[in-house]
Amino acid sequence: QPCRQGNLSALPLREFVLEGFRGGVEVQALLFAVFLALYVVTVLGNVTMIVVTTLDARLHSPMYFFLRNLSFLDLCYSSTIAPNALATFISSSKAISFGGCATQLFFFSLLATTEAFLLAVMAYDRFVAICSPLQYPVTMCPVTCARLVLAAYCGGCLNSITETSLTFQLPFCSSNRIDHFFCDVPPLLRLACANTALNELVMFGLCGLIIVGTTLVVLVSYGYIAVTILRMRSASGRHKLFSTCGSHLTAVSLFYGTVFVMYGQPGAVESMEQGKVVSVFYTLVISMLNPLIYSLRNKDVKDALRRLGQRPTAT
């Protein structure tokens, strides 16, 4: 079906151009340095968390199994976006193939949605651990933990397949220039020369359902947790639990807040400049902050890091 808009009418697109952020050579060089620093810290932080929670036997509990999976997701999540973004800052072409764009969108959507589900699973894990401690070893056995993580990935995959297939079945002929630094649904919908009402409805519906559903799980879990902690007589016990749960709540608030700003409201598709800044936050900054939040606010992780650092000298 031929398109009538722009000079690309009736020609199937072979590639897109990622326009990224506006600015001259100096601005692009600064952005390259900022993105590189964020990405390096993200990789180092999340790899450290994976190594520490794997090597230290005291951290082989369900909570740290989920935390290890969160670090793996953040590592993959940022790696889906950052390397290509870094290349566009120093490249003159800034091109990405049609297939490359679809692949990037698929994995970005898969990993982001899986992380949303995993954060809800982590809240449920804390709820069972604190509110039903005697049943915790049975309820959150290794098989159950593995199934919960698998379910999070399945949910992410389902959303990703839906978003990617609906987006890339649209005819793109008004332009091939994506006003973003990576392939995402909102900027791609702006390039379509067909009615995108269904796509927008599905995006807001699915994202809204995922955000509201997972947020409810988190809020209900932590509501019960707060009541249980406040009933405790031990001040040190309360402090330890508030410290552990506080780190998770911080990570949850950062992630859900920025994702809601970008996808959970109808006006999100219209403001691409604001969207780029928000996107930097949830694609790189949060992935960088998560291991720092969990390591700095969690005594068990800090102790494990200390033991790991002392291991070579002990031998």
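Begin with the strands: 3 of them make an open sheet, ordered β2-β1-β3, with mixed pairing. Strands here are DSSP runs (E, at least two residues), helices are DSSP runs too (H or I, at least four residues), and both are numbered from the N terminus. Two strands count as paired if DSSP finds at least two bridges between them.

Before you go on, some ground rules. This is a predicted model, where local features need pLDDT of at least 70 and side-chain atom pairs count only at pLDDT 80 or more, while totals for chains, interfaces and linings use all residues. Residues are numbered from 1 along each chain as its sequence is written, and side-chain values use heavy atoms, leaving out hydrogens and water.

Now select 95–97 and 177–178: these are the edge strands β2 and β3, each pairing on one side only. Which residue stands opposite Ala 95 in β2? Click on Val 17. Val 17 also stands opposite Arg 177 in β3.

Next, bring up helix α2 (residues 62–90) and helix α3 (residues 98–131), whose axes come within 10 Å and cross at roughly 160°. Axes are lines fitted to C-alpha atoms, for helices over the stretch in contact, and angles run from 0 to 180 degrees between N-to-C directions. α2 and α3 are therefore roughly antiparallel to each other, a label for angles over 145 degrees. Sorted by class, their contact has 17 nonpolar, 5 polar and 4 charged residues. Nonpolar means Ala, Val, Leu, Ile, Met, Phe, Trp, Tyr, Cys and Pro; charged means Asp, Glu, Lys and Arg; the others, Gly among them, are polar.

Last stop: the record. An unreviewed UniProt entry lists "transmembrane region" stretches, including 72–93 and 201–229; such annotations may be inferred rather than shown by experiment. Select 72–93: 86% helix, 0% strand, end C-alpha atoms 31 Å apart. Then try 201–229: 100% helix, 0% strand, with its end C-alpha atoms 41 Å apart.

How values were computed. Parallel < 35°, antiparallel > 145°, perpendicular 65-115°, else oblique.
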